[in-house]
Amino acid sequence: MTEDIEDFFADNTHWVDDRGMASSDKPPLPPKSRAEMRRRRRRRQQKRVAVAISIVVIVALLAVGGFFGLRMIKAWRAANRADSSVVEDYAGPGDTEVSFTVDKGQSAVDVAKNLVKADIVKSEAAFTSTVSGNGAVLYPGTYTLKTHMKASDVVAILSDQSKASGFLEVRPGERLSDVIVSAATLSGIDEKEFKTVVEGGGSGILPSEASGSFEGWLEPGTYDVQNRSVTEIIKGMVDARIAKLDQLGVPAGAKREDILKIASIAEAEVNSEEYYGKVTRVIDNRLDQGMTLGMDSAVAYGLGIKGTDLTNDQLADDSNPYNLRKHTGLPPTPISNPGDSAIKAALDPEQGDWTYFCTVNLKTGETKFTSSADEFEQFVAELRTWESNNPDY
């Protein structure tokens, strides 16, 4: 009852101004029903609860915001402290010469740690931020640097492969003889010592299917040849090749050697990967039909010269076991160290009935394929025309 009376007066009270006049000139509203007063009371209670909840939520949000705001401030301060290390850099140009090696697979952070240990750069951050900011690629190798160098000067050197030494790069399609020359030069070991190993049959290094020949069994890649013996250097390349052939699913035994032979010819005959699958199909088709392969790249390999240096007499010389114009079947050994793309093409040649092909543009490498001897002669004529129009190429 008391609450009802309070509601009545609350709903019908009018304020008066300083002159004693009511703020509204309308007459007082008649009393409301108890049901209406109860509804109004519930609405007021609901409003009070909503206000209380809003206050709690706001307080909670302020507390959470303050927590994360404090974390952001701390993170900002930490970032500023980290950024301040970037300026911890030597002015350069450096003092005492030192030899520094970047190993294959090392990250910029790994290299930075070693540079700081050697007192070449002042801080890791100075080096890594420069590498990141310039998108630099660090190449493995041994470099001549100085102590107390400016980080940007060090990055410029380590990202210039021409300044690296001590690391041998074996390129896809490169011959064994060329690899040996490079390995001897970079390692400082007499070339004769390499020849002694590769001409010694490969016992303990080569698999039996290689039949004592290292050609084709050196995996393209980069190798550290510093402070290693000839056997260690060559075995490292052969082991990498065997691991790669296993990874690619090349069958073991005599088939593996044949795949390397076919891949090495494809690598030597055309200068574009897009044609490898067709060249390997031509080789398979010719073998199936009992035709000679007729690949001049193999003839040149047997003579130790480039294909462009071949003469008509050399092409007619059947004393050369690699003369595939005169001898049927595959060559005695691979004629280079083929890369992954050529090996995959030898494993899975493109489908086609081609038995001839000719590169008609030596500049672009455009190569045409056919199963017709007459059309092949047209390709050859097209090549001759191109050569006459490009005498200096």
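The lining of the largest pocket takes at least three residues from each of domain 2 (167–248) and domain 3 (262–389), with bounds from an automatic or database domain assignment. This is a predicted model, in which local features need pLDDT of at least 70, side-chain atom pairs count only at pLDDT 80 or more, and totals for chains, interfaces and linings use all residues. Residues are numbered from 1 along each chain as its sequence is written, and side-chain values use heavy atoms, leaving out hydrogens and water.

**Exercise 1.** Find which residues of the largest pocket lining are closest to its centre.

*Solution.* Start with the term: on a 1 Å grid over the protein atoms alone, a pocket is an open set of points where a 1.4 Å probe fits, with protein on both sides within 12 Å along at least five of seven lines, and lining residues have an atom within 4 Å of a point. Next, look among the 43 lining residues: Glu 269, Asp 296, Ser 297, Gly 307 and Thr 308 are the closest to the centre. Finally, sort the lining by class: 18 nonpolar, 14 polar and eleven charged.

**Exercise 2.** Work out what Met 237 contacts, leaving aside neighbours within four places in sequence.

*Solution.* First, contact means heavy atoms within 4.5 Å. By that rule, the partners of Met 237 are Leu 168, Val 170, Val 179, Trp 217, Leu 218, Glu 219 and Tyr 223.

**Exercise 3.** Name the residues lining the second largest pocket that are found here.

*Solution.* Then count by class: five nonpolar, two polar and five charged.

Notes. Nonpolar A, V, L, I, M, F, W, Y, C, P; charged D, E, K, R; others polar.
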